[in-house]
Structure formats: structure tokens, C-alpha cells
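Hi there,

Here is the structure I promised to pass on to you. Have a look at it first, and then read on for what turned up in it.

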Amino acid sequence: MKKTDVLIVGTGLAGLFTALNLDESINVVIISKTKIQLSNSVLAQGGIACEYNDDQQLHQAHINDTLKAGSMLNDPESVEFLVEKAHESVKKLISFGVQFDIGDDNLFLVTKEGGHSSRRIFHSGGDATGKNVTGSLIIQLMQKKNIEFMEETMALNLLVDDKEVIGMSCLDRHEQIFPIYAKKVVLATGGIGSVYNSTTNDLLATGDGIGIAYRQDVHISHMEFVQFHPTAFYNENNHSRQRFLITEALRGEGAYLVNVENERFMKKYSPELMELAPRDIVSQAIFKEMYDTWTDHVFLDTRHLDPKYLQSRFPTVFNHLKENGVILGVDLIPVAPCEHFLCGGIDTDLRGRTSLKSLYAVGETANTGVHGANRLASNSLLECLVFAMAASGDIYKNLKDSKPMKEMSIASNDVYNYNYKPIRKKIGDYMDEHVSIVREQSGLQLTIEVIEKILINLEKYPNQTKNYYETLNLASTAYLITKQALERVKSIGCHYRIN
Ligand SMILES: Cc1cc2nc3c(=O)[nH]c(=O)nc-3n(C[C@H](O)[C@H](O)[C@H](O)COP(=O)(O)OP(=O)(O)OC[C@H]3O[C@@H](n4cnc5c(N)ncnc54)[C@H](O)[C@@H]3O)c2cc1C
């Protein structure tokens, strides 16, 4: 058993930045179900969208781009908040030792990605933004006496007393259940990639925050808006469900898309923005091209760009492709869309508060209203920063109003050996087939029936293992995506219905 002021679940950018912004008088326990350094945040290549200035016209343009990419289904107040707080949050990152790339003129180098009307993406180490940012924050946090990291500790269920969260039941590395009591709990559990059979996410992204919140009837919405990244590396020899991402910033620097017939097809779908149209449009265009040409990939063409520049600007991508026999700037790069980001999630207000008292959600697991029906590129790291800062401020202000610490009994379940792989595969197969880029009513209906049966069975035979809880969370997440996709009859943003 453990007691603390604040429990943060997750060591991605959202969790780390929440912890770092909390006053040092507050005791914080921050848990990760694997190693501290493993998260989707670490994988982020492109960067962080930010107008690093007070120019209201430029701020308004960032707001407009975000709303346009989200098909105006965003919450305008959240979007304004995101953009207005961007400067302050990136400045804070810099004060914590993060080094963004700087040009010969000593000015920040900023790039462009899909849906942005100007160059405003900050990056670090070329395409190693996530690794550099989280690395710097972890170093800072390790020096703080009020912060305790617990690795290989998995959050299972919220402990709730009289409609207020008082802690979390957790599994330790030996799969022993124990409680962590806290005045405030922050879910920063990230994305849902493993719900699908192919994703750019680290496979630890099993929608745990969504599953945990769902079991307590916390409000969750916009789950139907799953973003598929247009350019994951297509490699027949890769048998992992995790696919290597080729950053959109490469298109920002001039790469374009061609189909297997060497046609630059984006002119048919978005003649003005071409390859830099928002992701929903580009992924849907690629899907159509693959269908029409009977293939499962298109190509990213960088052959007209300088290979030396590409190597220095995109070292991570360059090296990965080289290891797989493809040279950036010389060869065509086979790519195809796959699951990348959850635009919706656990509903929060501007301070990260959920519908359940003393429970906060930040980062990709949260639905702050910022993304609407489709996320604008590089707005998600920014969302982690801005809403982590806001949540930590609110926690500080309201810590004294929390219930006095109280212990409660925690039921422990049987532990038995069971292989959940086939269930996970079945969930992935149905989600890929019916709840992917293009959806139709009959497929959604079929999927929800299958997932409902899986959920009933899982609930009937609880098993106190990490594997069981991950599978339960995957099934709950798949259920919510499909249910909300069924409820939204009209196509909008990443949710494309043909009937
Ligand atoms: C390949 C890739 C590239 C990307 N590039 C960009 C980019 O350039 N710009 C941008 O804005 N966005 C980018 N994104 C999206 C962005 O990285 C993520 O949305 C963001 O990092 C999410 O941060 P997070 O802190 O919410 O979650 P994560 O970084 O995923 O962290 C989640 C944490 O929660 C922990 N966790 C989960 N469940 C539990 C549990 N039950 N118990 C304990 N711990 C748990 C995990 O171990 C992990 O520590 C990219 C995503 C990917 C996959």
C-alpha cells in the first residue's frame, strides 16, 4: 500500500509535464506499466506546433488551421486556449533544458506539416523531438525530492468512495495487487494503437485509461475519430504490429506522393494543398488509390530532394530506411496508412478535470475538445504540454478540498495462465476490416456484436494479470470506438461512412 498527494499514471509527455509543473510541496507518485523511457511520446518525430510570439494574426491562423483540420467539430474555447498557451509551454520546455533546433542565424528552425498555413513546428535533433523532450524532462524529474517513479506498475481500477476518486488499484511487477491512495489521480495513459493490427504506436498503447474510466462511467466521447497516419513505412518483411512512421515533416520539406502507376494523385483530392492537406484527406485518398490500383501501398517520392540534406534533417528516418534497404533521396519509399492517434477520449474541461471528482485526464487519453474530427499535425504534443500545465495548476489549487485519506478493501482475483493473443488478434481483425478508414453500418454492427461477446466473456472470467487487463481495456476501447462510430451516421473528418 502507498499513500501520496497526487498519483500520475503514465510517463509520456503528458504525465511527465504534469509532474514537473506541480509545486514541490506536493508529493507525487508517477507510475509506468513498463520502463519510464517507453511511451509514444518518445517516438514523436515531427515536432510541436507553436506560434512562439504574441502576434495575434499568427495565433488566429493556428486556431483557424486547427478548426479546419477538425472539420469545425472542435471546441473553439479549447482550441483558443491551446494556441494562446503554446508560447508559454514551449518556453517552459526550453527552461527545463530542451534544445530545439536552431539555424545559422541563431533563430529556431521551424517546419511545416499537413494542414498548417505557415511554418510553425518546432523540432529537436531533426526528427528526434519526442526522445529529446522526454529525455530532458526525466532528467529534471529525477532531481526532485517530491517525485517518486514506480516502473512496471500497472494501474488497474480507480478506487472510488462516495463519487470521488481516492486512489487506484495497481499490479506490481510480480502481478501482486496493491492500492495507491491519492488525493488526486491523473490519467496520462496515452493512445490506443494496439486496438488495431497495425499502428505507428508503441504496442503498450492498449487504451488502458479509456478502459479504466469506462469501468467507472466517466464521460468518454469522440471515440469514432481515430486518426490514420498516411505514411507508415510499408515493409513486407516486418511482421510486428508496430509500423515505422515516416514523419509528415518530410512532405513539409517537399516530398510528394505517387501511386504505383507513378501518378501524383493528390491533385485529384486536394488540388490546392496537395500532399499537405490534413491527414484525414490524405489517408482517405491513399486508401482509394490502393483500392483502384489493387495494391496495398503507394510511394513517397523524395528523389528530387538533396539526399545529404535529408540525412541531416531526418536522421532517424534515414537510418531506419537504410537498415531496410531504402535510401532517402534515392529510392521510392513504400508507404500505407495505419492507426496513429485517438482524437477523442475521456472528456475534460480546460483544467483537465473529468466528470468524476478528483480524477484528471491529460494527453492522448483525454478529449479536451482540441482536435474535433481530426487532429492537426503536431498539435498533440502541444496539447500534452498545455493541458498538463493547466491540470497541475488546478490540482495545486484544489488539493486541500480533497477527501481525508481513507483505505478500502480491494478484491483480488484468481491468477491463471491464459493466452489472450487470439482474442487480441480477433479484436484487431474486426477493427481493421470494419472500423478503419472507410466504415459501413453492417460492418460496424457485426463488429460491435463480436466485441460485446468478448467483453462479456472477459468480465465473466477475471484474471489478475497484466495481459488480462490490457485485453479487457482493448476490448472496452474497441467497443466504444465502434459504438460511437455507429451512432455517427454522417461522414466527417477521420470518420468516413459509405452507408
Ligand atoms: C510514431 C509517432 C510519432 C508521433 N509524432 C508526433 C509529432 O511529431 N508531434 C505530435 O504532436 N504528436 C506526435 N505523435 C503523437 C504523440 O506522440 C502522442 O499523442 C503523445 O506523445 C501522447 O503522449 P501521452 O503522454 O498522452 O502518452 P504516451 O506518450 O503514450 O505515454 C503513455 C504512458 O502511460 C503508461 N501507461 C499506459 N497504461 C498504463 C497503465 N495501465 N498503468 C501504468 N502506466 C500506463 C505508458 O507506459 C506510458 O508511460 C506521434 C505518435 C507516434 C506514435
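What distance separates the centres of domain 1 and domain 2, taken over C-alpha atoms? The answer is 29 Å. Domain 1 covers 232-337 and domain 2 covers 421-497, with bounds that come from an automatic or database domain assignment.

Before going further, please keep in mind that this is a predicted model: local features need pLDDT of at least 70, side-chain atom pairs count only at pLDDT 80 or more, and totals for chains, interfaces and linings use all residues. Residues are numbered from 1 along each chain as its sequence is written.

Back to the two domains. Their contact takes 5 residues from domain 1 and 5 residues from domain 2, where two residues are in contact if their C-beta atoms, placed from the backbone, lie within 7 Å. On the domain 1 side, helix α10 (residues 279-292) gives the most, with 4 residues. Helices (H or I, at least four residues) and strands (E, at least two) are DSSP runs, numbered from the N terminus.

Next, the helices. Two packed helices are described by the angle between their axes and the distance between the axes. Axes are lines fitted to C-alpha atoms, for helices over the stretch in contact, and angles run from 0 to 180 degrees between N-to-C directions.

Helix α14 (residues 421-434) packs with helix α15 (residues 441-460) at about 165 degrees, their axes 9 Å apart. That angle makes α14 roughly antiparallel to α15 (over 145 degrees counts as roughly antiparallel, under 35 as roughly parallel). Among the α14 residues that meet α15 are Tyr-430 and His-434. The residues of this contact divide into 9 nonpolar, 3 polar and 1 charged. Here Ala, Val, Leu, Ile, Met, Phe, Trp, Tyr, Cys and Pro count as nonpolar, Asp, Glu, Lys and Arg as charged, and the others, Gly among them, as polar.

The axes of α14 and helix α16 (residues 466-487) come within 10 Å and cross at roughly 20 degrees, which makes α14 roughly parallel to α16. Ile-423, Arg-424, Ile-427 and Met-431 in α14 meet residues of α16 including Leu-474 and Ala-478.

Enjoy exploring!

Technical notes
Parallel < 35°, antiparallel > 145°, perpendicular 65-115°, else oblique.
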